[in-house]
Amino acid sequence: MATFTFPLFLSLLLPLFAFAAAAGTVGINYGRIADNLPPPEKVVALFKSQGINKVKLYDTDAAVLTALANSGIGVVVAIPNGLLSSAASDPSFADKWVQSNISQYHPKTQIEAIAVGNEVFADPNNTTQFLVPAIKNIQSSLVKYNLSSIKLSSPVALSALNSSYPPSAGAFKPDLIEPVIKPFLEFLTQTSSYLMINAYPFFAYESTSDEISLDYALFRTNPGNPDSGNGLKYYSLLDAQIDAVFAAMSAVGYGDIKLVVTETGWPSNGDENEIGAGKANAAAYNGNLVKRVLTGGGTPLKPNDPLNVYLFALFNEDQKTGPTSERNYGLFYPDETKVYDIPLTVAGLSGAQSSPANESKVQVPAASPSAGNTWCVANGKAGEEKLQAALDYACGEGGADCRSIQEGSTCFNPNTLEAHASYAFNSFYQKKARGTGTCDFGGAAYVVAQPPSYGTCEFPTRY
């Protein structure tokens with residue numbers, strides 16, 4: 001049995017709680033491939049009414065950037081793939097682009113980052129070769145015009161990975177590593193920037209629905225998928241995808257770079273062969289993702305790193321080509337009414353959890369017992385000493401209810417340190433009303449959106 005040696009935690013309390021993981025942020029992608037959208041001024045008003053304070057664009061449209069001025073909204077802008085060749089070959093082009101598209105608007109418009117291209121590794125026009133020289137030239141221009149606080153990165157699609165399952169086996173495609181991946185990641189390291197990734201569990205589920213559980217894709221109750229390579233267990237497909245990217249970066253020597261999910265979403269409608277597309281599943285994915293992000297904590301591999309995401313997308317865009325799903329990722333119709341109702345802020349999340357009226361609006365199948373709930377579990381990678389010290393604190397000074405994991409009680413089995421610590425951490429987390437930073441224990445714990453599975457033990461969600 002895991003013993004509670006209460007004096008042990010005293011010398012470790014400061015390091016245990018010095019690195020409490022903060023809640024992440026939820027932004028939204030504002031695409032405009034449509035002929036029926038409201039003017040930018042009305043869109044900015046919509047952002048404010050919904051509590052959206054982070055927005056990602058796909059260009060530097062003058063009307064949009066002007067409308068965002070003095071709004072307090074953080075903005076990610078983009079230089080499109082078609083301009084990367086010029087930016088790569090001509091530093092003066094980069095200078096002019098920065099002057100015309102960044103200097104002219106910032107800081108009134110709060111430009112936080114520039115996406116240099118989008119999914120260039122998957123671009124059929126072969127823009128991969130231009131990425132690194134273009135991003136370096138733009139960085140030089142930012143420095144020249146005293147704008148170096150603006151971060152540069154480039155959104156990477158998961159198709160850049162040669163393998164992603166299990167997450168610990170994540171690896172980039174070999175032909176990309178030396179020419180572009182390593183120089184790109186070195187640039188991010190040197191400029192203290194982060195990797196942008198576009199991750200869509202919908203695509204993985206749609207193509208392999210016979211192998212991937214819908215509940216696993218939608219952050220709902222599921223038995224989880226163990227990864228024998230890193231000893232972790234995954235309860236959501238998005239977490240697994242993100243950690244596969246972390247593993248791929250680590251494999252080429254860049255394991256410390258931060259990551260932001262710059263696109264993720266689920267379509268509310270699709271063609272007959274687009275398995276999983278639909279309003280209820282879209283509400284479940286995006287709604288549960290928002291809860292997952294705003295309750296704090298990172299992925300199993302990086303539990304101390306907040307999860308920051310940009311939902312795709314703000315509107316249904318009627319002029320996008322391709323299957324029906326491409327025109328149905330929006331959270332809003334062009335008339336600004338909601339496609340489905342989900343919370344987008346901490347305040348909205350609290351209301352959705354406490355108000356039956358709000359709960360009924362979130363189109364998540366009622367059969368999901370985990371809807372609106374989160375739990376705290378032990379991170380098996382933290383090591384026995386850290387887990388034991390955190391368990392001692394939780395069951396001692398922390399005030400967790402640890403009676404159920406005493407010998408002979410309902411949750412004594414399985415008699416492992418990880419199982420007992422998970423129960424104690426969750427008790428502490430629930431008693432603290434699932435507050436930000438209350439499920440961390442210096443990296444010894446992280447938040448999950450599905451009920452933990454340790455034998456027949458049931459983990460409470462309220463005390």
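Which residues of helix 6 are buried? Before getting there, keep in mind that this is a predicted model.

Let's start with the whole chain. The protein chain has 15 helices and 15 strands. Its radius of gyration is 23 Å, close to the 23 Å that the globule rule gives for 463 residues, so the chain is as compact as a globular protein of that length. A few more values for the protein chain sit in this table:

| Property of the protein chain | Value |
|---|---|
| Span of the C-alpha trace along its principal axes | about 70 × 45 × 45 Å |
| Residues that count as buried | 56% of the 463 residues |
| Accessible surface | about 18,400 Å² |
| Part of that surface belonging to carbon and sulfur atoms | 51% |
| Distance between the mean positions of the 30 positive and 41 negative charges | 6 Å |

What about contacts? Taking those between residues at least 6 apart in sequence, 73% join residues at least 24 apart.

Now for helix 6, which covers residues 131-144. At 1.5 Å a residue, its 14 residues should span 20 Å, and its end C-alpha atoms are 20 Å apart, which agrees.

Back to the opening question: the buried residues of helix 6 are Leu131, Val132, Ala134, Ile135, Asn137, Ile138, Gln139, Ser141 and Leu142. And what do they pack against? Three helices are among the partners: helix 4 (84-89), helix 5 (91-103) and helix 7 (174-190). The buried residues of helix 6 also pack against strand 3 (74-79), strand 4 (111-116) and strand 5 (151-153).

Helix 6 is followed by asparagine 146, and the phi of this asparagine is positive, near 55°.

Conventions: Residues are numbered from 1 along each chain as its sequence is written. This is a predicted model: local features need pLDDT of at least 70, side-chain atom pairs count only at pLDDT 80 or more; totals for chains, interfaces and linings use all residues. Side-chain values use heavy atoms; hydrogens and water are left out. Helices (H or I, at least four residues) and strands (E, at least two) are DSSP runs, numbered from the N terminus. The radius of gyration is taken over C-alpha atoms; the globule rule is 2.2 Å times the number of residues to the power 0.38. Buried means under 20% relative accessible area, exposed over 50%, partly exposed in between (1.4 Å probe, protein chains only). Contact means heavy atoms within 4.5 Å. Accessible areas come from the Shrake-Rupley method with a 1.4 Å probe; for residues, only the protein chains shown count as cover. Lys and Arg count as positive and Asp and Glu as negative; His and the chain ends are not counted. The place of a charge is taken as NZ of Lys, CZ of Arg, CG of Asp or CD of Glu. The expected span of a helix is 1.5 Å times one less than its number of residues.
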